[in-house]
Amino acid sequence: MTTVLEPRMTPTAVRILRTASELFYDHGIRAVGVERIAEEAGTTKKTIYDRFGSKDGLINAYLCERRDRWRAYVTTYVDEHHPEPSPARVLAVLDALEGWLAQSSRGCGFVNAYAELAGTGHPALPVIAEEKGWTRDYYVRLLTELDVPEAGRRGRELALVQEGATVQLTAGSQPEALADARSLATRLVAAGLTARDSTAGTVG
């Protein structure tokens, strides 16, 4: 397994990472070589290796940056539109996803990367798993705010709905996917609230 070093994010490194991120997402990780990245970033292969250590280090940086950007995007969206615990706050994750995918023509960059890196022992694979785990945990957290019972299971179900919608919208060419996902998510959240209220009534 390649050891990945923490890159020194100089202005040149930022430009390299921005260029590599666009190329990796648009064309695929394996299809894009360091030579092309250097040319389009207006730098040299040596500079790329100096800043990121290797192409694997650059791939890792690309996925880490995309992970951080997605987290900031969705949490900011949810907090701005529905700051207080509510069913709408949970469903707002899918609203944020719709805006995110409107700018992401090839669907989920993490799924795309996994399709290329799975089984290779690549050092970026844990970043992909971490991102998927964070999304599941975020749903669990939002449901826990509502005191929904079995928030862990229900949060995993909502994450599955989100993943399925993303694949169907892109690979499946199903334009109704996000609307269908929101409808299903609405029912799942409502079922959780019903279970909560039933439990509260029994205890009372």
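Trainee: With which residue does Glu35 form a salt bridge?
Mentor: This is a predicted model, in which local features need pLDDT of at least 70 and side-chain atom pairs count only at pLDDT 80 or more, while totals for chains, interfaces and linings use all residues. Residues are numbered from 1 along each chain as its sequence is written, and side-chain values use heavy atoms, with hydrogens and water left out. A salt bridge is a side-chain nitrogen of Lys or Arg within 4 Å of a carboxyl oxygen of Asp or Glu. With its closest N and O atoms 3.3 Å apart, the partner of Glu35 is Lys45.

Trainee: How many residues apart are Glu35 and Lys45?
Mentor: Glu35 lies in helix α2 (residues 34-41) and Lys45 in helix α3, where helices are DSSP runs of H or I with at least four residues, numbered from the N terminus. The pair links distant parts of the chain, and its separation is 10 residues.

Trainee: Which side chain of opposite charge is nearest to Arg51?
Mentor: Arg51, in helix α3 (residues 45-52), is buried (under 20% relative accessible area, with a 1.4 Å probe and protein chains only), yet has no salt bridge. Lys and Arg count as positive and Asp and Glu as negative, while His and the chain ends are not counted. At 4.8 Å away, the nearest side chain of opposite charge is Asp50.

Note on methods
Helices (H or I, at least four residues) and strands (E, at least two) are DSSP runs, numbered from the N terminus. Buried means under 20% relative accessible area, exposed over 50%, partly exposed in between (1.4 Å probe, protein chains only).
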